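Here are my notebook entries from an afternoon of looking things up in a model.

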Number of protein chains: 2
Amino acid sequence: MARTAIKTAKPVPAPELNLQAAKSAATRTRLIEATISCIIKYGYARTTTPRVADEAGMSRGAMLHHFENGGALMQAAIAELHEKRLRAFRQSAGSTIHEVHTLVRAYWQQISGQTFTAFHELALASRTDESLANILVPAQNEFRVRWYRQAIELFPEWQDDRARFDLALALSQNVLEGMAINRLTHGLDERMVEPILNDLERQIEALKPPSAKA
Amino acid sequence: MARTAIKTAKPVPAPELNLQAAKSAATRTRLIEATISCIIKYGYARTTTPRVADEAGMSRGAMLHHFENGGALMQAAIAELHEKRLRAFRQSAGSTIHEVHTLVRAYWQQISGQTFTAFHELALASRTDESLANILVPAQNEFRVRWYRQAIELFPEWQDDRARFDLALALSQNVLEGMAINRLTHGLDERMVEPILNDLERQIEALKPPSAKA
DNA sequence: GCAAAAACAATCATGATTGTCTTTAATATT
DNA sequence: AATATTAAAGACAATCATGATTGTTTTTGC
């Protein structure tokens, strides 16, 4: 699957109220979830079409009936992963509590989950896989833009000092994602998680301009 | 190559002063370097034996003469990568200047290089490849232990407050490696590198106990 | 020089993955 | 009820990576 050229999106079968044929959608979902599971279990490179079909509990023939090739399935899985990320993100940021502490913990929870694992598998694979990068990078960019915009909304009074605001965001992103990735690769001392999170929060608070400090 | 079980080390041909047969060592080196190049160029999963042989400019048969199988070659490549890292590390830490600024920049330089890229490829692959993890994790651990020990040597007067010392180290590791990895995966805004590095330095200085502050 | 050993090259058989094609079962339409 | 459509399964040929085997050329030791 890894090396498969990835084509454009499949023409959605028009949202007529197809009755039983809508269970085809269930099968597609099953396949997409199986693909994500395989990425998490075996890594991107070993997420092969036989493995995915096996994980989904169906034949490879059935699978290729719903997705014309492995690349199309992978593309759909990436779209779903992206949606998952955005959903989790909206849920976190949409909370009524906008304290730094809450937000840091929420994002940490988010990237501690397996969705982030899958995403990083894809992200690193895309380093050396151009066709994969072509569909993944836009998703990454969109996520980052939304992250940034959301942060602006959450801290409007911080916008006078853009430099420090940007620093707080970049710091958060790199510290948290750095920890998450190091955890994936036997590189994180779990005992240091709490101290680092606390320090990050302290640091963000310190970067807030006086007008924004509660 | 990815899925190959990795055996124990090859019996070194005894350090007698073999004359021309020592050019065998050159070929082995060539193969090991080719393997590392392939990991960087194509990623771990696509570092196959034909590609490596091609990169080294020799036949696959010749390659398998020097390394009994793909796994043995990969193991040797990992050992070499580990050595490279340790060498670069010693060079950085062995400098006479022990300022925080210098050390942060030195480690940043180090993980900005391709050796770190290769290492992260392996590290992530080892998440789902047990036999790879078996040879990579010890190297990772050794590197971390040396890192820690070196830091203790560089900042002896900091040892009274171990909690803050450990925090400074963990923070440095996660921020710097986080940035390096995000850079690999289209996730780093290069404009933020300098501000983050400066902030990290400031932060480390702030964590130093009064007795250690110059 | 000559024989043994090592370096190197080429080929083979095997297993895995991929996409296509064919066949059967289920479901929907008229 | 008959037929067309879709889901699902299986078989197929092509490609590729792997390790083993065999053959050829150098190099080394006697």
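**Entry 1**

I began with A:His186, which sits in the loop between H8 and helix H9 (193-207) of chain A; helices here are DSSP runs of H or I of at least four residues, strands are runs of E of at least two, and both are numbered from the N terminus. Before going on, I noted that this is a predicted model, in which local features need pLDDT of at least 70 and side-chain atom pairs count only at pLDDT 80 or more, while totals for chains, interfaces and linings use all residues. Residues are numbered from 1 along each chain as its sequence is written, and chains are lettered from A and ligands numbered from 1 in the order in which they are written.

Most residues other than glycine have a negative phi. I also checked its surroundings, and A:His186 counts as partly exposed because it has 15 C-beta neighbours inside 10 Å. (With C-beta atoms placed from the backbone, buried means 20 or more other C-beta atoms within 10 Å of a residue's own, exposed means 12 or fewer, and partly exposed lies in between.)

I then looked at the other chain. B:His186 lies in the loop between H8 and H9 of chain B, and its phi is also positive, near 55°. B:His186 is partly exposed, with 15 other C-beta atoms within 10 Å.

**Entry 1: chain A as a whole**

I counted nine helices and zero strands in chain A. Of its 214 residues, 33% are buried. I looked at contacts next, where two residues are in contact if their C-beta atoms, placed from the backbone, lie within 7 Å. Among contacts in chain A with a separation of 6 or more, 68% join residues 24 or more positions apart.

For confidence, I used pLDDT, the predictor's own score for each residue from 0 to 100. Chain A averages 89, and 89% of its residues score at least 70. I marked residues 6-17 of chain A for caution, as pLDDT stays under 50 there and the model has eight contacts beyond four places in sequence for them.

**Entry 2: how are the two chains related?**

**Entry 3: where the chains touch**

The contact takes 34 residues from chain A and 34 residues from chain B. On the chain B side, the elements giving two or more residues are helices H1 (23-42), H6 (114-125), H7 (130-154), H8 (162-184) and H9 (193-207). H8(B) gives the largest share, 12 residues. I sorted the chain B side into 17 nonpolar, 10 polar and seven charged residues. (Ala, Val, Leu, Ile, Met, Phe, Trp, Tyr, Cys and Pro count as nonpolar, Asp, Glu, Lys and Arg as charged, and the others, Gly among them, as polar.)

I zoomed in on the H8 pair. The axes of H8(A) (residues 162-184) and H8(B) come within 8 Å and cross at roughly 85°; axes are lines fitted to C-alpha atoms, for helices over the stretch in contact, with angles from 0 to 180 degrees between N-to-C directions. That makes H8(A) roughly perpendicular to H8(B), a term covering 65 to 115 degrees. Among the residues making this contact are A:Gly178 and A:Met179 of H8(A), and B:Gly178 and B:Met179 of H8(B). The residues of this helix pair divide into six nonpolar, six polar and two charged.

**Entry 4: two spot checks in chain B**

B:Glu55 is in helix H2 (residues 49-56) of chain B. B:Glu55 is partly exposed, with 19 other C-beta atoms within 10 Å. Beyond four places in sequence, B:Glu55 is in contact with B:Ala34, B:Ser37 and B:Cys38.

B:Ile135 is in helix H7 of chain B. I checked B:Ile135 against B:Ala79: they are 56 residues apart along the chain, and their C-alpha atoms are separated by 8.8 Å.

Note on methods. Parallel < 35°, antiparallel > 145°, perpendicular 65-115°, else oblique.
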